[in-house]
Amino acid sequence: MSRTALRICPLCEATCGLTLTIEGTRVTHARGDRDDVFSQGFICPKGASFGAVDSDPDRLRTPLVRRDGELCEATWEEAFDAVAAGIRPVVERHGPHSVGVVLGNPNVHTMAGALYPPVLLAGLGTRSVFTASTVDQMPKHVSSGLLFGDANAIPVPDLDRTGHLLLIGANPLESNGSLCTAPDFPGKLKALKARGGTLVVIDPRRTRTAKLADRHIAVRPGTDALLLAAMAQVLFEEGLAEPAPHVQGVEELADAIREFTPEAVAEACDVEADAIRALARDLAAAPAAAVYGRIGSCTVPHGTLASWLVDVLNILTGNLDRPGGALFPQAATDKTPRPAGPGRGFALGRWHSRVSRHPEAKGELPLSALAEEIDTATEEGEPVRALIAVAANPVLSAPDGDRLDKALDSLDFMVSVDPYLNETSRHADVVLPPPPPSQSPHHDFAFNTLAVRNQVRYTRPAVPLEPGRMAETEILARLILAVTGMHGADPAAVDQMVIDQTLGKAVTEPHSPVHGGDPRELAARLGGDTGPERRLDMMLRLGPYGDGFGVRPDGLSLDKLLAHPHGIDLGPLEPRLPQPLKTRSGRVELLPGPIADDLPRLRAALAERPEGLVLVGRRHLRSNNSWMHNVPALTGGSNRCTLHIHPEDAERLGVEDGAAVRVKGAGGEVTAPAEITDAIRRGVVSLPHGWGHNRPGTRLSHASTDPGVNVNQLLDGRLLDPLSGNAVLNGVPVEVTPETGPEASAVTEKLTALT
């Protein structure tokens, strides 16, 4: 007998509501939840494949522990005993920084990944922290930290009310949006056009999003910051700048970018000066407009400057913090809003990596530096000798996976929290597999802080936890205890410790609704069946819409949220400045020192011209990084690992459509089939990210049948945006030549079989 259950989709940043059909304990179908207050029935191919992702037979069902060199099934007790025995001696002998922690992208898609890693890092006390952010979005965090004093204060475009949207380096028709949580992003763009608005896309590829645009500018890869700086210069030169309130440094900014005229940047960007002026004028003339930049403008040599200039344009046109522009979301689990005023500000480089002396950003070191931090000895500090990887596959997601592959083999100990034995977890001494998503609760802590409409939703597990499985929240709680010297303690103690600390602090804060209260009495009033639910209840009740433990009877609590299974709509985004600002001045600091210090590097780029071809990445709608290539329903068709190349470049190089080509970069070379298309500009080639499932020792039966190639192997890890430590993945010089010999025949035969 079948039944239905609600679930928030965890497979991309859109966070759509799903209605699952369940036969026994198996999800057999998924459709959009038409009553979901946020997504209103929208679903993409990933969400529709929820059941296939959930029931993938290659998902690990029990822990694995390495014995005599082989990973063998083990009990949970044996696994955590091994973790404690492997990590604690490293900490005690070499110090906490000798233990590295790698956090992958899926962490922000689960409750456990949001609630427990901060406790893990605090308990370990390590500075050897690496995450997917430094191969993705760290430039946006750094620019927001410098502008607004808070690295997580990221304004998002008000898609439902804007009249003019400029996208740079973003392809939301494939990605569903990123750092901008918006179910049915494609529908919102079509609605923008239907109400007479304008969509402008700046991208070297004619993506699906660019095809929808009123105007598409095929900029040369890596020159995003130059183009945006020239637009800002036009606003000043033509008297079009009308800065938003609460801003300082306007005149200093005008002086700093004076020489970035459209004429000065035109040749470097390969965009005519008149076109750049038109972009700036149209943006300034729109009654409500927003500029939105994403991964294409982050993963370039001037990623932080480009991210900063996105907000500079929103500020100079008066569109920051106003309806229809770019606003700061207010999530239900945000901390109690404090009164507006100066804050601590944001600092970079509080410590540095041991080998290449990369400065930390937001408490993280560049993921590109992980291999050298393991395999290189220096006189300063201990190398990383043990590693904890949580939902991370850096062998594919970081530059030069071959080097990292070897480095992981040299570790004293490694533990991986992962449902798969993949290219990274195969190196672990212990693998701790979380259950499938149907058996886990879900609330989007991170993505609601980036949502284009304020709302709150929570879904309990759709399917009971199978016998022998352990909840991901308990796995991470036990991991925290095992690596911090408290192995064997009750995992509920981790949640209770966080509750005690949070409430103990809240009662001392004058702006808190529980100021002066008794933390123990407040803790006793928390609802929820589990420690994570009690923590969610606490955050909701202390948050901006919360009931304040009875102070505001109509406010939020977990009980109220559970009574609204399709979520609670909290209304459109509203102006919030100056309250979110945490800068030392209490204002938006338009020209922070680190930004000003990096502008000479951008000036030098005015004279740079790439010789030969440059590489950019691309996304597929039915994929999310390296997660989903093991699901047959999400591979094939357009989701293929091919090299896009323009017809003129293909003819010049003697490349034929479908034939194998060798692509060579500073970090290595790969062979892939060519796909000739005029959807990419001349001088640019494109390979998708997340492929390369051909390493031995994995258990990815479907992905290994069509492994593709690892685009990040073309990088050697030395190219970084210096302010953020973000890897440069776009605009990278490569050589492309037709492949000959047995490998060429094998690639062509494989492509023929697949098509």
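## Strand S9

Strand S9 (residues 164-168) is mostly covered, with five of its five residues buried; buried means under 20% relative accessible area, exposed over 50% and partly exposed in between, with a 1.4 Å probe and protein chains only. On one side lie His164, Leu166 and Ile168, on the other Leu165 and Leu167, and all are buried. Strands (E, at least two residues) and helices (H or I, at least four) are DSSP runs, numbered from the N terminus.

S9 runs parallel to strand S10 (residues 198-202), joined by five bridges, and leucine 167 has valine 201 as its bridge partner there. Five bridges also pair S9 with strand S13 (residues 289-293) in the parallel sense; here leucine 165 is partnered by alanine 290. Pairing requires at least two DSSP bridges between two strands.

## Basis

The model is predicted: local features need pLDDT of at least 70, side-chain atom pairs count only at pLDDT 80 or more, and totals for chains, interfaces and linings use all residues. Residues are numbered from 1 along each chain as its sequence is written, and side-chain values use heavy atoms, leaving out hydrogens and water.

## Nonpolar cores

A nonpolar core is a set of buried Ala, Val, Leu, Ile, Met, Phe, Trp, Tyr and Cys residues joined through side-chain atoms within 4.5 Å. The largest has 62 residues, and Leu226, Met231 and Trp308 have the most contacts inside it. Helix H10 (residues 224-237) gives the most to this core, with 10 residues. Apart from it lies another core of 50 residues, including Phe413 and Leu556.

## Arginine 7

Arginine 7, in strand S1 (residues 2-8), is buried without a salt bridge, and aspartate 54, the nearest side chain of opposite charge, is 6.8 Å away. A salt bridge needs a side-chain nitrogen of Lys or Arg within 4 Å of a carboxyl oxygen of Asp or Glu. The side chain of arginine 7 reaches the backbone oxygen of proline 437 at 2.8 Å.

How values were computed. Lys, Arg positive; Asp, Glu negative; His and termini not counted. Polar contact = N/O pair within 3.5 Å; in protein donor to acceptor, adjacent residues only side chain to side chain.
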